[in-house]
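Subject: A structure to look through, with notes

Hello,

Please find the structure below, followed by my notes on what was found in it.

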Amino acid sequence: MTNNDKIDVQEYLELHKRLNEHYYQNSLDYNNRLEVVQSTKAWKLMCLARRINEQFLKGNTSEKKQFLQWLKLKIKKRPVPKNLELARFSPIQLQNIEHYKIPDYTLELSSSSELSTIDNSELFAAYPKQIDLFRFPVIEWDFRWQRPQQISVQFEKNGHRVFYFSIETYGLKNTQPTIEEIAKHTIIKELQPNIYWVKLCSKNPLNAYKDKIEGEDLQIINQSIEYLKLKFNIGATYSILDLPFWANISLSLDNNITIYDCMDDHEGFSTNSSEMLSNEENLIYSSDIVLASSQRLYEKMIQKNQNTLLVRNAGEYNHFSKKTTDFAGEVKDLKGPIIGYYGAISEWFDIELIRKLAKRNPSWTFVLVGNTFGCDVSHVEKMPNVILTGEVTYESLPSYLYKFDVCLIPFLINNLTLATNPVKVYEYLAAGKPVVSTKLPELEYMKELVYLADTLEGFESSIQQSLSESNKQLVEERKKYAANNTWETRYHEIKQYLINQQPKVSIVIVTYNNWSYTKQCLESLIRNNEYSNFEIIIVDNNSTDETKLQLARIANPNIKVLFSPVNLGFAGGNKAGCNLATGEYIILLNNDTIVTQNWIEKLIKPLVENNHIGMAGPVSNSVGNDQMLDFCIANPISGPSNLWLQDFNRFNKGNFRYTDLLGFYCVAIKKEVYEKAGDLDVNYGIGMFEDDDYCEKVKSLGYKLVIVEDVFIYHHGSVSFKKLQSEHYRNIWEKNKSYFEQKWNKNWAMPKPPNSLFLNLVDSTSIATKVKEVQKDLIVIIGEWSSDNLLLKQFVENKIEENKLVIVVTKLYNAEEYHGLRKVTENLYITNTIDLISKVTFHEKIQFNDFIDASKLNAIKEQVKDIKDLM
């Protein structure tokens, strides 16, 4: 429910409907299974024995008469009335299934139209969720308002959360900090909605201009970022780096795109060392994308990284285009021509040019706004017609700009300025002001709008020409140019490039009734999908419940809905969807699933990186082959537990294995493979065996199938089929099985079971035998498996990377109860039943964090006793 115990009507109804549907289908499934059991001879013999005992031997006269009546009918092979059927004496009866009626509570609505508003609103209009941005900057957020902050703000305005890092870290002076220490000293401040300033932890205090990130510092910084990601539930990220200092962090992040934003030619800075330039070279080669702020930088970067995009600087048009008469104090009373400049006044600023212009033109007042660090201004600061204001705030710049008659960009020509695309030119033009600048390559592209000069006389002449301007159309053209070159424009250039870098994915979902499940599936897509280049195609198989109405409400350009006038079945529905697909990859997704974070990019990764792989599927809690997990913690309302999922992602990162069969509850297919294999076979009708059939098709073309072990999809399991009565279900199953066997000229074989060493082993002898067969060193670790015991998890991770077989003895798994000997990942198992491993021979026993030398262990029984004591 919502906060403050206020009942959200829609949430209330949906929850009850989902629980009702879950109860109803489980009950049907229970009845179907019971009917199968009741048809067996063993069950009938048991019921007969119970009938003889309860009705003939112990029953009253009426009961004995009914028994004799039933016996006569059976001997004469006549139909038996329902009240005399043998099933009456079954110890377990079929459930009387009724839809749960929602209590008729009186609910107070915030307005009388609330329910109708909910019903008529557009569904999923804001889909998809945007990827979070990590900005690893060159300056602090509040230093000077420049490109890093401007682009960050645009990302936030377009739905991304932004995490802007401090250029300094907090030094813990500790190589093994606890999670509490990391949490305490990772400083997070919300600067504005969805923009956060973050100061990371490291062993030593680091500065972006003085230090390197490596070794123990990098390890602790990564822990600090992991804490940040957990706190804000951050999945995939874009990381924009302004300096090579940040490279080791960004390149070590999972599900991250590293973007180097090259704003300057660093060779032009006298303070940059050869080592820094070498590190920049490595960053350029290693980045997924390089942004270049000028043509000269682009030409330099593209030679080293083909994924280079020219993204020039821009201006905040709305801030500078609004004319003001509230002038700054230093300029409000000035008379006569005012020649102005604002920005940094440093080593690249031609202060000598200003001195000469001011001396030759005493009637002109030169106003220089900005910090003068790095520039000797001693020759101009005492001149009567030169005003040096010092640094001012970004917000106050228009109060100077609108007092300027002419705006200057008086830069020296060097490697730095030849690669510079000045931000201020867009701001000057937004005000419609005439601009006189040094002849910079980047301003050649706008020479119709600005005056370019390369000599003292050229500057002087251009200023005089600017002062005599009377062309109002030129003013409007300047403003129009600025309006077309804003930071918002630059964001969309970057975003479109990022989208185009991802292969397009088409997700096909076939629906037939069960709206509560479809809605839950779509909600999980919204919540957990940060993949940008995608489309969702929903094919409705002539639903008879509210599904059609609800699907018709969907208003999103990424979601297409196709309504079939007949039930096309699973194969036919997917065929219709796939024929509409425009992606390079197609994902067939059941509507009774819950997807998890970053599932798309991880699921298609083996397909993208391996030409010989044709299809890929995830693991799940419910599937009839080796995609099914031996152990997971999940529920039908919210899907997998967050803590379980964190461990799952950590220990299975990047893993996949080959298989012969994939369940089509969720499967990714290369479009080129689909085109070769053709559509799913519609002869399988409403379903069953079409996934076996298609796997045979793809394998016959020479492609491999893989299970992607770091993608988990929760599956309710055969929601539509559970509604079929058992006899109908068996008939379809037998018919389709026969068709499959005839088509492929082979007997259908049971799929592989879950991939676990100890599957179905419940005694210590069998487990000990299996351990010997594996021929790996077994390590038993006793410790509390909890969300904050990161050292234990890191230690276990190191051991399984050494190809050791690890069994962790723990009462609870992240505070959840479990039973038996369960698989967490390859080579890692947990148990809370010590007797199960009482006969195994282990190489090493470790009581975390008290390490015990294996050579000092006593006999096995004593070891087990020790472990029991700890339990």
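This is a predicted model: local features need pLDDT of at least 70, side-chain atom pairs count only at pLDDT 80 or more; totals for chains, interfaces and linings use all residues.

The chain as a whole

The chain has 871 residues, of which 52% count as buried, and it holds 29 helices and 33 strands. Among the contacts with a separation of 6 or more, 74% are between residues 24 or more positions apart. The chain exposes about 40700 Å², and carbon and sulfur atoms supply 49% of that area.

A covered helix

Which parts of the chain cover the buried residues of helix 21? Helix 21 runs over residues 569-580, and its twelve residues reach 17 Å from the first C-alpha to the last, which is close to the 16 Å expected at 1.5 Å a residue. Nine of its twelve residues are buried, and helix 21 is thus mostly covered; the buried ones are Gly569, Phe570, Ala571, Gly572, Gly573, Asn574, Ala576, Gly577 and Cys578. The cover over them includes strand 17 (505-511), strand 18 (534-540), strand 19 (559-563) and strand 20 (585-589), together with helix 24 (671-677) and helix 25 (690-700).

Two helices that pack together

In general, two packed helices are described by the angle between their axes and the distance between the axes. Helix 5 (residues 147-157) packs against helix 18 (residues 487-501) at an angle of about 70°, and their axes are 9 Å apart. Because an angle of 65 to 115 degrees counts as roughly perpendicular, helix 5 is described as roughly perpendicular to helix 18. From helix 5, the residues that take part are Arg147, Gln150, Ile151, Gln154 and Phe155, and they meet Trp487, Glu488, Tyr491 and Ile494 in helix 18. Sorted by kind, the residues of this contact are five nonpolar, two polar and two charged.

Two helices checked for length

How far apart should the ends of helix 7 be, at 1.5 Å a residue? Helix 7 (residues 215-231) has 17 residues and should therefore span 24 Å, and its end C-alpha atoms are 25 Å apart, which agrees. Its buried residues are Asp217, Leu218, Ile220, Ile221, Ser224, Ile225, Tyr227, Leu228 and Lys229. Just after helix 7 comes Asn233, which takes a positive phi of about 50°.

Helix 28 (residues 790-801) can be checked in this manner too, since its twelve residues should span 16 Å at 1.5 Å a residue, and its end C-alpha atoms are 16 Å apart, in agreement. Leu792, Lys793, Phe795, Val796, Glu797, Lys799 and Ile800 are the buried residues of helix 28. Asn803, which follows helix 28, has a positive phi near 65°.

Positive phi values in two loops

Lys173 is a residue other than glycine with a positive phi, near 60°, and it is found in the loop between strand 3 (170-171) and helix 6 (179-185). With a relative accessible area of 61%, Lys173 is exposed, because exposed means over 50%. Gln775, although not a glycine, has a positive phi of about 60°; Gln775 is found in the loop between helix 27 (764-774) and strand 28 (778-782), and its relative accessible area of 71% makes it exposed.

Two single residues to look up

Setting aside residues up to four places away in sequence, Phe89 touches Cys47, Arg50, Arg51, Glu54 and Gln55. Although Phe89 and Cys47 are 42 residues apart in sequence, their C-alpha atoms are 5.4 Å apart in space.

Tyr298, by contrast, sits in helix 10 (residues 295-302) and is partly exposed, with a relative accessible area of 24%. Apart from its neighbours within four places in sequence, Tyr298 is in contact with Ala292, Thr308, Leu309 and Leu310. From Tyr298 to Thr308 there are ten residues in sequence and 6.9 Å in space, C-alpha to C-alpha.

With best wishes

Technical notes. Residues are numbered from 1 along each chain as its sequence is written. Side-chain values use heavy atoms; hydrogens and water are left out. Helices (H or I, at least four residues) and strands (E, at least two) are DSSP runs, numbered from the N terminus. Buried means under 20% relative accessible area, exposed over 50%, partly exposed in between (1.4 Å probe, protein chains only). Contact means heavy atoms within 4.5 Å. Accessible areas come from the Shrake-Rupley method with a 1.4 Å probe; for residues, only the protein chains shown count as cover. Axes are lines fitted to C-alpha atoms, for helices over the stretch in contact, and angles run from 0 to 180 degrees between N-to-C directions. Angles under 35 degrees count as roughly parallel, over 145 as roughly antiparallel, 65 to 115 as roughly perpendicular and the rest as oblique. Ala, Val, Leu, Ile, Met, Phe, Trp, Tyr, Cys and Pro count as nonpolar, Asp, Glu, Lys and Arg as charged, and the others, Gly among them, as polar. The expected span of a helix is 1.5 Å times one less than its number of residues.
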